[in-house]
Amino acid sequence: HVAVGTGTVIDKKGIQRYQQGIRDRAAPRIDGGEIIRVEAHPIPEHPRPWRVKDRAILVGDAAGYVTKCSGEGIYFAAKSGRMCAETIVKNSKQGVRMIDEADLMEHLREWDGKYGPTYLVLDLLQKVFYTSDAARESFVELCEEEYVQKVTFDSYLYKTVQGNDPVGDLKLGWKTLSSLYKY
């Protein structure tokens, strides 16, 4: 059995070309095999507006906890599942009480409070810098800055938006605006 996942932000025809390319490269290794099913589904890159209904909750990829800029989702899938489970155990009194929607909403408030700003910043970055070649060039120029590299590394390492240097943030804001204007 072989299952291959592909990720792209381009159209359906582009995905089909990627899938065909994978089949072509794998052909010698899977010769004589049978393709049972080919399917593709977009991975949600933003938290879903409705993640709780009654006693059901979405976590991980299903909830849209994939970061837009990197496509990373493993950490957020595991973290959201664990945080949700911890909330369920606590609110069910170790399984004595049946949870309800309000209990699950507690988990969402905690999740959104901790990681909501991260998704907001990544969404903003994508909307500003991933819209044209000129905007991408502007982003590349910004990435040369040591402060940008530090904030990016720390944010990736700690999985939450870092920075907390008002002077550095103001300089970065000015550099961002002037870089976008230049391109």
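Modeller: Let's start with lysine 159: its relative accessibility is 11%, so it counts as buried. Keep in mind that this is a predicted model.

Biologist: What makes 11% "buried" for lysine 159?

Modeller: The cut-off for buried is under 20% relative accessible area. Lysine 159 comes out at 11%, so the label is buried. The residue lies in the loop between α6 (146–158) and α7.

Biologist: How do you know that the charged end of lysine 159 sits over the ring of tyrosine 156?

Modeller: The charge has to be within 6 Å of the ring centre and within 35 degrees of the ring normal. For tyrosine 156 the distance is 4.0 Å, and the pair counts as a charge over a ring. The charged end of lysine 159 also sits over the ring of tyrosine 75, 5.4 Å from its centre.

Biologist: And what is there to say about phi of lysine 159?

Modeller: Phi is near 65°, a positive value in a residue other than glycine. That gets a remark because most residues other than glycine have a negative phi. Lysine 93 has a positive phi too, of about 55°, and is not a glycine either.

Biologist: Where is lysine 93, and is that lysine buried or exposed?

Modeller: Lysine 93 sits in the loop between α3 and α4. Exposed means over 50%, and lysine 93 has 52%, so exposed is the word.

Biologist: On to α4. Why is histidine 107 called buried?

Modeller: Histidine 107, part of helix α4 (residues 101–129), has a relative accessibility of 0%, which is under the 20% limit, so buried it is. Its contacts, leaving out residues up to four places away in sequence, are Ile57, Val59, Ser80, Met83, Cys84 and Thr87.

Biologist: What makes the approach of histidine 107 to cysteine 84 a polar contact?

Modeller: A polar atom of the histidine 107 side chain lies 3.4 Å from the backbone nitrogen of cysteine 84, and the limit is within 3.5 Å.

Biologist: Cysteine 84 and cysteine 143: how is each one classed, buried or partly exposed?

Modeller: Cysteine 84 has 5% relative accessibility, under 20%, so that one is buried. Cysteine 143 is at 31%, between the 20% and 50% limits, so partly exposed is the label.

Biologist: How many disulfides does the count come to?

Modeller: The count is 0 disulfides. The test asks for a pair of cysteine sulfur atoms within 2.5 Å.

Biologist: Now the aromatics. How many pairs are there?

Modeller: The structure holds 9 aromatic pairs. One of them joins tyrosine 65 and tyrosine 119, with 6.2 Å centre to centre and 45° between the planes.

Biologist: Which residues do ring pairs link into a cluster?

Modeller: The cluster holds Tyr65, Tyr75, Phe76, Trp111, Tyr115 and Tyr119.

Biologist: How much does α4 bend at tyrosine 115?

Modeller: By about 50°, and proline 117 follows within four residues.

Biologist: What makes aspartate 100 a cap for α4?

Modeller: One of its side-chain oxygens lies 3.1 Å from the backbone nitrogen of alanine 102, at the N-terminal end of α4.

Technical notes:
Residues numbered from 1 in each chain as written. Predicted model: local features only at pLDDT ≥ 70, side-chain atom pairs only at ≥ 80, totals over all residues. Heavy atoms only, no water. Helix = DSSP H or I, 4+ residues; strand = E, 2+ residues; numbered from the N terminus. Buried < 20%, exposed > 50% of the residue type's maximum accessible area, 1.4 Å probe, protein only. Polar contact = N/O pair within 3.5 Å; in protein donor to acceptor, adjacent residues only side chain to side chain. Contact = heavy atoms within 4.5 Å. Phe/Tyr/Trp six-rings, centres within 6.5 Å; stacked < 30°, edge-to-face > 60°. Bend = angle between axes of the 7 residues up to and from the residue.
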